[in-house]
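Okay, thanks everyone, I'll keep this short. Let me put the structure up and then walk you through a few spots.

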Amino acid sequence: MFTTAQEFSAFGQSQFDKAVRFSGILLASAERLATLQLEMSRKLLAENAQTLKQLSAIKDPKALAEFQTSLTQPSLDKAFAAAREVYDATLATQTELTSFVEEQVAETNKNVLDVIDRLAKNAPTGSDAAVQALKNIVTSSNAAFESAAKTAKKVGSEFAEASVEAAETSAKAASAAVSRTRKATPSASA
């Protein structure tokens, strides 16, 4: 595969660069998620402190019930916003990793074709058809992989996005129904 020490050295450097890039993608992902977690923790701490202050100021049971009702929808909205942010961060990492893998597959296929070309130069006369068949197999395999990867990416992202949207819609509808029920209950007893 390698005809000179320079080719071997270049290959080693290339593999090192790939490992560094892969590590960088993973570290950036961990950093995104850690930053997101810290931001959410800070917000939650501040909101809980504010809620506790408001709760300590409540003196009668009716005001307490109204206060509890007023917390439901904002809490659900915040939970869905947080889930959406985590989903987006995870999707960004998945996109970067997918791109990295696709580049590696393309590079590997190019290297295989280069090796086939080298073999063809030293192949016996009349083996042109076999060499061309090998090249066609590699090219066809690469095209099939690219097509499958594109389809999987499209279907996967559409499915995930639809699932997230459906979950948000269902939760908002359920939350609205709970809010309507709670608002209707005090009116009925009054």
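So, let's begin with the buried residues of helix 1: they are Lys-18, Ile-25, Ser-29 and Leu-36. Keep in mind that this is a predicted model. What do those buried residues pack against? That would be helix 2, residues 61–122.

As for helix 1 itself, it runs over residues 5–57, which makes 53 residues. From its first C-alpha to its last it reaches 78 Å, close to the 78 Å you'd expect at 1.5 Å a residue. A quick reminder for reading the side chains: an α-helix has 3.6 residues a turn, so residues three or four places apart point the same way.

Now, the aromatics. The structure holds one aromatic pair. It's Phe-22 with Phe-100: the ring centres are 5.6 Å apart and the planes sit at 35°, so we call the pair tilted. The pair links distant parts of the chain, with Phe-22 in helix 1 and Phe-100 in helix 2, 78 residues apart.

Last stop, the surface. Leu-52, Leu-55 and Leu-64 form a nonpolar patch there, with about 240 Å² of accessible area together. Leu-52 belongs to helix 1, and because its relative accessibility is 54%, Leu-52 counts as exposed.

That's my tour, happy to take questions.

Notes:
Residues numbered from 1 in each chain as written. Predicted model: local features only at pLDDT ≥ 70, side-chain atom pairs only at ≥ 80, totals over all residues. Heavy atoms only, no water. Helix = DSSP H or I, 4+ residues; strand = E, 2+ residues; numbered from the N terminus. Expected span 1.5 Å × (residues − 1). Buried < 20%, exposed > 50% of the residue type's maximum accessible area, 1.4 Å probe, protein only. Contact = heavy atoms within 4.5 Å. Phe/Tyr/Trp six-rings, centres within 6.5 Å; stacked < 30°, edge-to-face > 60°. Patch = residues over 30% accessible without salt bridge, like charges linked within 9 Å, V, L, I, M, F, W, Y side chains within 5 Å. Areas by Shrake-Rupley, 256 points an atom, 1.4 Å probe, with all protein chains shown as cover. Salt bridge = Lys/Arg side-chain N within 4 Å of Asp/Glu carboxyl O.
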